[in-house]
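Here's a quick briefing to read with the model open in your viewer.

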Amino acid sequence: MPDQTLPPSRRTFLKLGGAVGAGVAFGGLRPFAASADVVRPVSEDLVPPSRATTLWYPAPAREDKIIEQGLPIGNGRIGALVGGDPAADFLYLADASLWTGGANDVLEDDGQFPYEREKFGTLGLLAKLRIAVPAHTGVSDYRRTLDLSNGLVVLTYRHQGVSYRREYFASHPDDVVVVRLSGGPVTGSVSLEPTRGEQAAGAGAFTGTFANGLAYACSVTTSGGLAFSGSEVVIVLSGGTNYVPDAARGFLDASLDPLALAKRKAAAALATGGGALRATHVADYRRLYDRMTVDLGRSPSAKRALDTWSRLVARHADPGVPDPELEASYLQFGRYLTITGSRDGLPMGLQGLWQNNNTPDWMSDYHTDINVQMNYWLADRAGLPESFTALADYCLAQLPVWTDSTERLFNDPRNRFRNTSGKIAGWAVAFSTNIYGGSGWWWHPGGNAWLCNSLWDHYAFTQDRAYLARIYPLLKGACEFWESRLLPMTVDGVEVLVDDHDWSPEHGPQDARGITYAQEIVWDLFEHYRDAAAVLGRDRAYGDRIGGLQQKLYLPKVSPTTGWLEEWMSPDNLGETTHRHLSPLIGFFPGDRIAAGTAPPELLDGVRALLIARGTDSFGWACAWRSACWARLKDADRAYQLLLTVLRPSVDNGNGTAPNFFDMYSQGSYTIFQIDANLGAPTAMVEMLVQSRPGVLELLPALPAAWAASGRVTGIGARGGFEVDLAWHDGKVTRAVLRSVGGTRTEVRAGTWRRTITLRPGASVTVRPGDRLPH
């Protein structure tokens with residue numbers, strides 16, 4: 001494991017002149033700061049190969065398989081998939097703000113939103129970068145590596161007795177993509193390939209403008225010219241758009257020149273030099289990555305010798321032989337995608353920053369009925385709270401448009417989900433959203449509450465009052481929407497409040513009232529709003545009113561017919577038994593209303609029965625959700641088996657994990673990458689090790705036998721404002737360290753052992769279950 005004695009956050013940095021670049025965080029290109037203004041480390045500190053966590057491959061990626069074989073790099077704004085061919089290399093580049101479409105606020109005849117590439121829009125590629133070194137064919141000792149510990153893609157090989165090395169990274173501080181060729185004399189060329197027929201804007205650059213007014217550009221420069229020759233060549237690429245997260249400006253900054261800004265960034269970075277660029281990038285990356293270490297046990301030496309794809313295949317072919325280091329690397333890969341895919345710009349959608357064409361399935365949008373929420377389950381649990389704020393920033397930027405479109409459009413008489421009371425307030429979204437305040441596909445009444453569930457959870461982990469104040473308008477606006485929507489109904493002689501005509505995502509009747517999904521998520525919303533109002537000392541009267549509505553909400557029962565927790569206000573199953581979504585279990589996970597140890601046993605039995613009925617074979621994100629639920633039920637075997645299902649190799653266009661660890665979603669004749677499983681399955685792994693809910697923190701609640709011999713994790717985030725380091729042997733906790741990041745009191749449990757811990761913010765305590773008192 002990496003040496004933790006000197007984490008990057010505590011290293012000495014040297015400021016090389018000027019003020020550190022600052023300004024508004026842009027969805028497109030960030031404001032320019034000269035390279036000399038970037039704070040750079042005094043010395044580079046790479047984790048050596050012998051201790052680094054890596055994925056590696058003995059051959060380049062095939063270009064027609066780039067989405068399954070290309071290795072990802074990113075800086076939270078711009079991302080690339082790296083091919084790694086010594087003679088004919090290629091990078092597929094994408095920018096998170098390169099979106100066509102617009103507000104999409106004219107409803108179709110059924111009262112729903114258009115959902116196509118012209119009006120709603122789509123994400124796509126920014127460019128393709130090609131690096132030609134024609135002489136470098138017939139190489140030996142080839143190795144292509146994704147170095148998770150250092151945030152680099154590295155290519156090494158030998159040609160005519162000389163060892164060569166290429167490094168690829170996307171620097172967040174310098175806001176550029178860098179390729180560094182070294183090792184010996186190399187002669188070649190670089191070309192920038194547009195993907196939409198854009199016109200060149202000088203050597204190594206092009207510009208374009210979409211019909212929606214979004215301007216974009218891309219520029220590449222090298223230390224040796226576009227035709228280069230030398231012992232070390234540094235290639236720097238920058239590009240982006242004039243998108244801004246500001247509804248008042250129509251999400252565009254007409255004064256921004258993306259080409260000029262991209263050229264200045266690329267030139268400034270190139271002047272810095274490859275070594276300094278890498279040192280700055282690695283220090284910035286490791287400041288985040290090193291917060292969490294994962295040791296689930298040692299794998300057999302035969303497994304450790306295999307390349308990553310062969311190792312995945314072997315794990316699936318021989319399920320009786322554990323490979324805990326492979327599984328630990330999968331968790332760290334999820335953290336890598338979080339760091340590289342989500343920083344201070346737009347959040348990750350269905351494919352994050354990694355695209356292979358301009359026509360991705362579902363437009364690579366933000367799906368609000370599980371997918372975008374699952375993308376952010378991992379961040380706080382895995383010591384990466386900064387990565388979460390992109391989702392909050394996005395929601396706040398969209399709120400004015402969402403509120404306006406809800407007021408104007410939601411109660412359209414053609415909308416089958418409209419409020420039959422005729423009342424309207426607050427904000428709502430559809431099942432799909434874009435970056436211009438636009439919604440697509442059908443209205444999704446529960447979407448606002450589920451987004452608020454995720455936004456609140458970040459506060460639960462961090463206890464950051466300033467953040468809570470920022471998201472408060474979102475919580476209150478969602479409550480106002482549901483106050484206008486809920487309908488009174490008499491059930492068993494008691495008047496309750498139920499959701500209006502709705503659809504339990506994504507199956508069953510489209511006009512059911514009181515669906516479990518909505519009842520649970522609204523209960524959760526009201527609970528969190530009341531807590532937020534109390535913490536901030538705001539709107540006491542309205543908080544009391546919401547509390548009164550919460551008390552009257554109809555809450556689901558267990559069906560006497562199926563034994564499952566009901567999905568509809570009916571004892572019958574009105575949908576697909578093995579459906580991919582677990583919508584009725586939202587109050588169990590990610591929610592907390594139904595919790596092991598506090599919920600009535602019959603409710604937990606209903607949860608368990610529904611999970612069994614749903615099965616153990618589905619798409620990756622669906623298996624990840626099931627795994628997290630089984631972990632909450634403390635069923636380690638089922639939770640772990642579902643993780644292995646996610647990790648099965650994707651072959652013959654099937655569901656599973658690709659060679660580059662991307663999760664592939666089967667479309668029958670082809671597969672598409674969806675990032676949610678890559679972030680949801682590691683979340684389930686963390687839930688097997690540490691679970692937290694208000695006032696309770698549980699250690700090793702669902703430890704699978706494959707990890708039980710011994711292990712150690714550090715830096716797990718826990719709700720209530722804590723971080724946890726944990727070690728175990730023979731399935732038992734041997735030592736745990738709790739640090740407060742704002743929390744003051746929680747009960748710690750390990751099996752039947754429990755202690756109440758009280759800490760000052762910033763303080764820590766070590767516990768050893770079995771001891772009488774913490775010390």
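## The five-strand sheet

Let's start with an open sheet of 5 strands, ordered E18-E29-E30-E31-E34 and paired antiparallel. Its edges are strand E18 (293-295) and strand E34 (764-767), each of which pairs on one side only. From one strand to the next, the twist averages 15°. Keep in mind that this is a predicted model.

Walking across that sheet:

- E18 and strand E29 (residues 710-718) run antiparallel and are joined by 3 bridges. If you want a residue pair to click on, Thr293 has Thr714 in E29 as its bridge partner.
- Strand E30 (residues 722-729) pairs with strand E31 (residues 732-740) through 8 bridges, again in the antiparallel sense. Here His729 sits opposite Lys732 in E31.
- E30 and E31 make a hairpin with 2 residues between them, and Asp730 in the turn has a positive phi of about 50°.
- At the other end, E31 and E34 run antiparallel, with 4 bridges joining them. Arg739 is the residue opposite Ser764 in E34.

## Overall picture

- What does the secondary structure of the protein come to?
- Along the principal axes, the C-alpha atoms of the protein fill a box of roughly 85 × 60 × 50 Å.

## The six-strand sheet

- Another open sheet has 6 strands in the order E4-E5-E6-E7-E12-E16, with antiparallel pairing.
- Strand E4 (71-74) and strand E16 (227-230) are its edge strands, each pairing on one side only.
- The twist here averages 20° from one strand to the next.
- E4 is joined to strand E5 (residues 78-82) by 4 bridges, and the two run antiparallel. Within this pairing, Ile73 has Ala80 in E5 as its bridge partner.

As background, strands of a sheet pair through backbone hydrogen bonds, either parallel or antiparallel.

## Helix packing

Two packed helices are described by the angle between their axes and the distance between the axes. Here are two pairs to look at.

**H12 with H13**

- Helix H12 (residues 516-536) packs with helix H13 (residues 540-552) at an angle of about 155°, and their axes are 9 Å apart.
- The H12 and H13 crossing is left-handed.
- On the H12 side, the contact is made by Trp523, Phe526, Glu527, Tyr529 and Arg530, while H13 brings in Tyr542, Gly543, Ile546, Gly547, Leu549 and Gln550.
- Sorted by class, the contact of H12 with H13 has 6 nonpolar, 3 polar and 2 charged residues.

**H3 with H6**

- Helix H3 (residues 274-289) and helix H6 (residues 324-341) cross at roughly 125°, with axes that come within 10 Å.
- That angle makes H3 oblique to H6.
- H3 passes H6 in a right-handed crossing.
- From H3, Tyr285, Leu288 and Tyr289 meet Gln332, Arg335, Tyr336, Ile339 and Thr340 in H6.
- The contact of H3 with H6 splits by class into 5 nonpolar, 2 polar and 1 charged.

Most residues other than glycine have a negative phi, and most peptide bonds are trans. With that in mind, here are some spots to check.

- The peptide bond from Pro505 to Glu506 is cis, with omega near -15°. Glu506 lies in the loop between strand E23 (494-498) and H12.
- Another cis peptide bond runs from Phe589 to Pro590, with omega near 15°. Where is Pro590 found? Look in the loop between H13 and helix H14 (601-614).
- Lys634 is not a glycine, yet its phi is positive at about 65°. You'll find Lys634 in the loop between helix H15 (620-632) and helix H16 (636-647).

Note on methods
Residues numbered from 1 in each chain as written. Predicted model: local features only at pLDDT ≥ 70, side-chain atom pairs only at ≥ 80, totals over all residues. Heavy atoms only, no water. Pairing = 2+ DSSP bridges. Axes fitted to C-alpha atoms, helices over the stretch in contact; angles between N-to-C directions. Left-handed = near helix turned anticlockwise from the far one by under 90°. Contact = heavy atoms within 4.5 Å. Nonpolar A, V, L, I, M, F, W, Y, C, P; charged D, E, K, R; others polar. Parallel < 35°, antiparallel > 145°, perpendicular 65-115°, else oblique.
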